[in-house]
Each structure stands twice: as structure tokens, then as C-alpha cells.
Amino acid sequence: MKSLDIHKSEYLKQFNNQPYGRNLFRTQEEERLDAPNEECGIFGMYSDNDVDTFSLSQFGLFALQHRGQEACGISVLKDGRITNMKDEGLVLDVYKEIHDPEAFMGNSAIGHTRYTTAGDKKKYNFQPFFAKNEYDQIILSIAHNGNLTNARELKAELEAEGVVFRATSDSEVILRLIQKNLDLGLRGAIKATMEKIQGAYSVVGMTRNKFFAFRDFNGIRPLVLGAIDEKTYVVASESVALDAVGAQYVRDILPGEIIYTNENEPGKLHSYMVDEARGKQRICSFEYIYFARPDSTLENINVYEIREKSGEKIWHQAPVEADVVIGVPDSGVPAAIGFSKASGIPFRPVLIKNRYIGRSFIVPTQEMRERVVNLKLNPIISEIKDKRVVIIDDSIVRGTTSKRLVKILKDAGVKEIHFRSVSPPIIAPCYLGIDTPSKDDLISANMSTEELRKYLGVDSLEFLSTDNLKEILGSSNHCFGCFTEKYPVEKGEEIELFN
């Protein structure tokens, strides 16, 4: 048997040249229904020199592809002119539509890869968003990750002042507020905007001569800063995007912080804290469990290590006698390795991925959609037949994917199935930048653990406790809202943003 360190190395290495897939048992449709979905990934860069922003932004966004797979867009600053391109599709597909890469090579770029919520899949909602002047020139462009909880109220205020909205996204509220206040200067406009908006937001943006980024006062959505050299800076949702463009990680952008450039001091990046007293660290705990790539570092915490520790911790919390430990690729594998380390039960990479399959099978029936899963992942029956198996998964949301997984294992002749979820029970939706089902559709909000065990048909079922999750993360300074229904900010309106 390979050592667990070799398994870890092989597991992480694969994401250097292929997209990270969180839970490959989920069909594309189920990613809307049986999983929390991150709204997007954002990327931005600035250099005092002209650089290949076309290629570098492409590399950075590809590294963030797991955060949004419906649409992609970029804005590039070249010779004082902002050019924008956005379309439906994966990052590499959208970039193939750019027939003149030279036009997208400048000294600054921002990019966005989007997960689109149901009913909102319209091109006018793709990002980056931009504002134009009376000469039809783009003067401001932003990309946003998160969710505003008072966007409806702010939109009504702006409309009463004559502002015209062209999309149905809360991100446009941020754009229009900055645009409205530009007479205060860029930093003043962003400060005025941050003092009005509420909720979760990490933003990158540019004007025709400046680059900027800022983060909400609770730091709920991640945002990291890196540098390629002394005059070339990179900002992204995760540190893997820095790695992809050859940038060194500098630090995380602080809650309530604005970073920006000034045309009077080319190549220098400035920092400004809007209100230090309001700044608190409440980054989303689910970033570590599920959303972020395992080779990312957020708030100086390595994601892979957290996932491996979660597997170790759930073994100590709920030990069981078994013959084999398996993890659901890709997100469940580190926890399965951790469980194996702690328990001594052998880890086996039993679920084999087809590395050449794409996402976009178009199949008309549920029966055929089920078969797509077996094209993506196929079990090695000889490794699990007549054995007691521990299956490690990142979470249970609606339960449909977990139930299918149990059926596949039973069909393979498994003797016993012990299910372990390395997230606490998800009992509440998120209002701060994650698309989750309603509470009625969250199975742990409506069933006890014993009822869910019977529904799944497994011999035992355990969830990592919230207290143990806090211990692994090293503090309680995170958002645990989907596990506790207690959020760091008011959740705001529970209605659609725009009619």
C-alpha cells in the first residue's frame, strides 16, 4: 500500500493541470440542488509595466474555476482605456472567444468566474460590471464575490435619484454607489460605499488610471494579496490563483481594508482602513470544509491541513471498526486520509475518476443522468466487496447524492457502511454569498441524525460537531451560520433582490 504522504502528494499535484471538482458524485443539476454553491471567484492584477494580462488573468481564473462554472469575464486596462469581455461558459472556453489577445494585454486586469443562481442566468448579470461616461467609454469596472443584505433598499434609493440599473444583481449596487461618489476621489468613493452597504463582499476593480480592492468589515468572503515583483500586484479569492501566475503570497486583505494605486506614485500600492473598530475576522468556515481548493491558504490556514484534521477529529469523535476508508473525490479525500492516519484503518482510493469527462452531458431523463455519475466515478469492487467501509464526505445537504453513493456501495457488495460527514449538520441557508437550498430542503434541518441514518440506509452516521470544527480552525472567529443559524450580520430581506 502507498504511504498516506504519497496519496496526499498525488492528490494535490493533479490540480495543477486540471480543474478541481469538489464532489464528483453530484450531477451538474444536483450542484444546484444538493450542494452549497459559491457565487464566484474574483481575480485582479496591476503592474506599473505592460504585462501579458491576457494570459495571466486566464491562468488565475482557471485556478478559481471551482468557484464558478457558468460564466466568465474580464476587464483590461490598456493605454488608459478599459476593454471588457464576458460570456457564458468555462474560463478556457470564454478566452477562446477572444480573437485578438493583444487587445487584452495591458497593465491592469480584473476577472470573474461565476456560479449563476437559478432564474438569474442572464448575460447582463455576468461580471465584471462596468460604468460608462457620456462618450460611451468605460470609466469604472468591478468584480464582486459575496451578497449584500440591504441591496434592495439601496437600489430603491439610487433609482429615486435617477440612477438606471441594467442588471438584476446586487453587485451593480456597489458599482453605482462608487460611480455616484467618484467626485470624492476613488478612496473616498469606496469608503462612502462601504459605509452604506451591508453583508459580505470582496471586490476588485479599476478606473482608467487606478486599481483597487476592498473587503467587508467581517471578512466573510476571502481575498488574498500577492506580488509577482516590486511593481506587479495580484489580488484573488484564493492563494492558488497567486500560484498560477507566479506571484508570492503577501497576506490576506484585512476586513474593512481598501488597497489602491495612485497615479501620482506609479507601482506603489496603498492601504487604508475604513474603520478599524468595525473590522472583525469572521471568514466563512465552509470555505475550509468545501469551497476552497485544498492547496489554498486562507487567513494563514492551509485548507488541506484543516480537511485532514477534520478526518482525524471525527475518528476520535465517532470511532468505528472497519476494513477500509474511502473519500468522495475530490473534497472528501483529505479527510479520509486523516481518518486513516488516526484510526489505522487503510485508506484506499477506491472511487476512480475518468479524467477526460466534461461537465456538459445533455441527457433528457433521470435514468440517464444517473448513469453519467458512473462515467465520472467507478468503484474498484474487489477493494470493497464483503468489507466494512467508512465513507468520508464533505457534507450532507439534501441527502440525494449521499443516498446514491450508498446504493453504489451496496451494489458493489459492501458488508457494512459507516458514513462520516466532516461538516456539522447544515440546518440553515446562507445569506452571505453562498447559494444554499431553503431550510425546507436541508435534510438535517428536518431529520434527526438517526432518522437520516435510516433514510440513507447505513450502519452508522456521524457529523463533525461544531465545537470540534472550531477546535480544528483554532478559534470561533468564523461564520458558522449554516450550522448554527447565527450570522455575523443581519440576514436582511428573504425575498428576491429585484422583481
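Contact here means heavy atoms within 4.5 Å, and helices (H or I, at least four residues) and strands (E, at least two) are DSSP runs numbered from the N terminus. This is a predicted model, in which local features need pLDDT of at least 70 and side-chain atom pairs count only at pLDDT 80 or more, while totals for chains, interfaces and linings use all residues. Residues are numbered from 1 along each chain as its sequence is written, and side-chain values use heavy atoms, with hydrogens and water left out.

**View 1. Helix H6 and the elements that cover it.** Helix H6 (residues 171-180) is largely enclosed by the rest of the structure, because 8 of its 10 residues are buried (under 20% relative accessible area, with exposed over 50% and partly exposed in between; 1.4 Å probe, protein chains only). The buried residues run from Ser171, Glu172, Val173 and Ile174 to Leu175, Arg176, Leu177 and Ile178. Their cover includes helices H5 (151-160) and H7 (186-194), together with strands E6 (129-132), E7 (138-148), E8 (199-207) and E9 (211-215).

**View 2. The positions listed by UniProt as "binding site".** The unreviewed UniProt entry lists Ser331, Asp393 and Asp394 under this heading, and such annotations may be inferred rather than shown by experiment. Although they are spread over 64 residues of sequence, these positions cluster in space, with a largest C-alpha distance of 7.4 Å.

**View 3. Ser331 and its surroundings.** Ser331 lies in the loop between strand E18 (324-327) and helix H11 (333-343), and with 1% relative accessibility it counts as buried. Beyond its neighbours within four places in sequence, Ser331 is in contact with several residues, among them Tyr11, Tyr20, Arg22, Tyr290 and Arg307.
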